[in-house]
Structure formats: C-alpha cells, structure tokens
Amino acid sequence: MTLRISKDTRLCMSLSGRPGNFGTRFQNYLYRELELDYLYKAFTTSDLPAAIGGIRALGVRGCAVSMPFKEACIEHLDGLHESAATLQSVNTIVADEGRLTGYNTDYSAVVKLLRKHGVPTSSRYALRGSGGMAKAVGCALRDSGFADGCIVARNEAAGRALAEQCGVQWREALGDEPAELLVNVTPLGMRGADAEQLAFDEQTVKAAQWVFDVVAVPVETPLIRLARSLGKPVITGGEVIVLQAVEQFVLYTGVRPDDELIERAARFALAD
C-alpha cells in the first residue's frame, strides 16, 4: 500500500540532537501496513520552547524525544504520566486537544529486556552515563532487583544524583573495579564523531559476564562487537529502540501491531 497524505493526515515526529532514520522508517512502515492516516518525520531544533509550542499549535499528535531534550522538555509540557514523572525524563510527548503529556517508554523496554535475557539480579553492574536515558536504565535496573552497582559519569552532580536515585555509588571512572554487567548509556559508539570509541576498555569487558549497549545506530557498536568476539551475552540498543517505539506507536494511534508485523517493521527500520 502507498502512504497517502491528505489534509486529515495526523503528523507524528521526533526531536533529537542527532536525528536518525529508525523512527521514521519504523513508524511509517506500520502506518502503511495498517492503513493508518498518519505520517512521521524526524526533526532537530536549536529552539526547544518554539519546537514544543509548534507541536501544540499545529496539532501534532505525538513526538518522540531523544538526547539532549529528554529532561529539558519537561518544563514546556502540561503534565507527566507516572512513567516520566518518577524518572523526570521524557521520551514521548502525546497531544490531546492541545494538552501535552510526557511519557517514558524506555523504562519498560529495559525492564522487559533484562527479564527476557535472564540477567541475574545478583550481578554487580556498572552503568556509564547520567542523562535522561541513563535515568530510565538505572531505575529499570533498580526496580528489577539489581542492588549492587555504580554509576560512572564525568558529570559529578548528575552522576551523584542518579546514583542516589538508584541506591548505588557514583564514580568518575570505573578503574579496576570489576563489574559483571556493563551498561553503556552514552553516545560512545554512535555514528558520527564517537563511532569508533569503546565505552569500556577491553580488560573490563573481558572481566564482565554481560554487556548492554543502549546505542541503537549502529546496532553493532564497537562495544557490542568486542563483547561478541569474547563470547559475552549482549543486549543491544536495537532491541531497546524497537520495544520503546512500539509503545510510542500505541500511544499515538491506539493500535497494537502483532508480533510478526513488529518484527518486519524492525528489520526494515534497522536495515538503514
């Protein structure tokens, strides 16, 4: 089916400092297959208040929010769903008759993946990062029963705040401290200037039992490639981005695709 656009087409979008193609390809694929009169487009902005004002003024149905806007957008919204209020981090905005509500679908995606992969909750973890996505992952670890770990972040204020929220310690660098579960929630390994950088050095990866990289583009980051070469079980950002995007799709449209269609849409979107 060809995606048709009319005056009645509902627009959904994303705001990111470094826009990618996943959301556009994933959401539009589902709209097309399910014959929904929606269109999705990725944007960036240097004027966040004006961009969010545009969502409200133009009747945009929903907006995915990525780095570095997940926390900064909150003051411009009318309310927060409990999924975002607890974390004080938003990855999804839904508009209902001009009222903008912030949600967070990253948290539930991470909880589901930790359970799906069977990562033991007794594992000591090291989470690198302190931004909005790091909050979602850290709280997902905490609420899944992971009580032993540390937050590794150069930003001391943000790192300490997240560590306190998760009930663990903050470290500026991991050093020789061993960790059974390594979690990267920074742009290291993402396409662009950081594409070839490892979030954790080789010795640290060798000593770990599990590796989780939230970077989704590319799915095979340097950290994931290294972990696979060492025979370590991995959780990829590709898995996270699909699960959280499905929940965004449901919030925007009220329709939940079946598993087979989600798998096809994910293959299409991640092939770019």
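Across the interface of domain 1 and domain 2, five residue pairs are found in polar contact, with both partners at pLDDT 80 or more, a threshold that applies here since the structure is a predicted model. On the side of domain 1 that touches domain 2, the largest share, six residues, is supplied by helix H9, which spans residues 237–253. Sorted by class, that side of domain 1 holds six nonpolar, four polar and five charged residues.

Charge pairing also occurs between the two domains, where the count is two salt bridges. Elsewhere in the list of named pairs, the side chains of Glu71 and Lys135 meet in a salt bridge, with 2.8 Å from N to O; Glu71 falls within the 10–103 segment of domain 1, and Lys135 within domain 2, which covers 108–235.

The centres of the two domains, taken over C-alpha atoms, are separated by 24 Å, and 15 residues of domain 1 are in contact with 24 residues of domain 2.

How much area do domain 1 and domain 2 bury between them? The figure is about 1500 Å², and 64% of it lies on carbon and sulfur atoms. Within domain 1, the residues that lose the most area to domain 2 are Arg18, Glu239 and Val240, which together account for 37% of what that side buries.

How values were computed
Residues are numbered from 1 along each chain as its sequence is written. This is a predicted model: local features need pLDDT of at least 70, side-chain atom pairs count only at pLDDT 80 or more; totals for chains, interfaces and linings use all residues. Side-chain values use heavy atoms; hydrogens and water are left out. Domain bounds come from an automatic or database domain assignment. Contact means heavy atoms within 4.5 Å. Buried area is the accessible area (1.4 Å probe) that two parts lose on being put together, summed over both. A salt bridge is a side-chain nitrogen of Lys or Arg within 4 Å of a carboxyl oxygen of Asp or Glu. A polar contact is a pair of N or O atoms within 3.5 Å; within protein, one must be able to donate a hydrogen and the other to accept it, and residues adjacent in sequence count only if both atoms are side-chain atoms. Helices (H or I, at least four residues) and strands (E, at least two) are DSSP runs, numbered from the N terminus. Ala, Val, Leu, Ile, Met, Phe, Trp, Tyr, Cys and Pro count as nonpolar, Asp, Glu, Lys and Arg as charged, and the others, Gly among them, as polar.
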